[in-house]
Amino acid sequence: MAGIVPPTPTIHRSYRLSTYHVAGLPVIRIGHRPRWQGRAPAGDIVLLSACNPGGRLRPDGWNRRMMAHLAQCLAGLPHALGEGRLGRWSEPLYGVRVGLARGLGLARRFRQNAVVVVHGNRPARLVYLA
């Protein structure tokens, strides 16, 4: 698919070392089980962004507009704003309660390379689109 970049070892390492913070969720790390306060929610929670498509940096204003457009696409779906963080770098994202297939469709629409998926007490996983 045009615009989606296969992961390099550096990109893969960056995703795995990042922490993902979403309002109402525990801190998420790829390969780690979430530490829920109480019972884990049923179904998938997909963490996705509309920023920097294809791993190419875009201006802040462009990224804000794309995130606003993604928020419009999420109308009617349970979602919360959050961020992915690695050191000084951070990027906004949404945690969305949506089936994985639909979450991947949204990620493709916004030309993202990957999404993070949380499902119950299973370790969080990274799903590449390329």
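# Briefing on a predicted single-chain model

Pro53 counts as buried because its relative accessibility is 3%, where buried means under 20% relative accessible area, exposed over 50% and partly exposed in between (1.4 Å probe, protein chains only). Pro53 lies in the loop that runs between β2 and α2. The model is predicted, so local features need pLDDT of at least 70 and side-chain atom pairs count only at pLDDT 80 or more, whereas totals for chains, interfaces and linings use all residues. Residues are numbered from 1 along each chain as its sequence is written, and side-chain values use heavy atoms, with hydrogens and water left out.

**Confidence of the model**

- The average pLDDT (the predictor's confidence in each residue, from 0 to 100) is 93 for the chain, and 96% of the residues score at least 70.
- Among the elements of the chain, strand β1, covering residues 19-22, has the highest mean pLDDT, at 98. Helix α1, covering residues 9-17, has the lowest, at 91. Such elements are DSSP runs numbered from the N terminus: helices are H or I of at least four residues, and strands are E of at least two.

**The largest pocket**

- The largest pocket has a volume of about 580 Å³. A pocket is an open set of points on a 1 Å grid over the protein atoms alone, where a 1.4 Å probe fits, with protein on both sides within 12 Å along at least five of seven lines; lining residues have an atom within 4 Å of a point. Points are joined across faces, edges and corners, and the volume is the space filled by probe spheres set on them.
- The lining of the largest pocket consists of 25 residues. Those nearest the centre of the pocket are Ile11, Tyr15, Gly55, Trp89 and Glu91.
- Two or more lining residues come from each of α1, β2 (44-48), β3 (79-86), β4 (89-97) and β5 (114-119).
- By residue class, the lining of the largest pocket holds 15 nonpolar residues, nine polar and one charged. Here Ala, Val, Leu, Ile, Met, Phe, Trp, Tyr, Cys and Pro count as nonpolar, Asp, Glu, Lys and Arg as charged, and the others, Gly among them, as polar.

**The largest nonpolar core**

- The largest nonpolar core contains 21 residues. Such a core is a set of buried Ala, Val, Leu, Ile, Met, Phe, Trp, Tyr and Cys residues joined through side-chain atoms within 4.5 Å.
- The residues with the most contacts inside this core are Leu48, Leu70, Leu74, Val96 and Val115.
- Two or more residues of the core are given by each of β2, α2 (60-73), β4, α3 and β5. The largest share, four residues, belongs to α3.
- Leu74 is located in the loop between α2 and β3. With a relative accessibility of 0%, Leu74 counts as buried.
- Leu74 and Leu100 are 26 residues apart along the chain, and their C-alpha atoms are separated by 14 Å.

**Strand β1**

- Thr19 belongs to strand β1 and counts as buried because its relative accessibility is 18%.
- The side chain of Thr19 makes a polar contact with the side chain of His21 at 2.8 Å. A polar contact is a pair of N or O atoms within 3.5 Å; within protein, one must be able to donate a hydrogen and the other to accept it, and residues adjacent in sequence count only if both atoms are side-chain atoms.
- Tyr20 is also placed in strand β1 and is buried, at 5% relative accessibility.
- Between Tyr20 and Leu93 there are 8.7 Å in space, C-alpha to C-alpha, although the two are 73 residues apart in sequence.

**The loop between β2 and α2**

- Asn52 lies in this loop and is buried, with a relative accessible area of 11%.
- Although Asn52 is not a glycine, it has a positive phi of about 45°.
- Pro53 and Asn63 are 10 residues apart in sequence, with 9.1 Å between them in space, C-alpha to C-alpha.

**The loop between α3 and β5**

- Arg111 is found in this loop, has a positive phi of about 55° and is not a glycine. Arg111 is partly exposed because its relative accessible area is 35%.
- Gln112 is placed in the loop between α3 (100-109) and β5. At 6% relative accessibility, Gln112 counts as buried.
- The backbone oxygen of Phe110 is reached by the side chain of Gln112 at 3.0 Å.

- Gly43 and Ala75 stand 32 residues apart along the chain, and their C-alpha atoms are separated by 18 Å.
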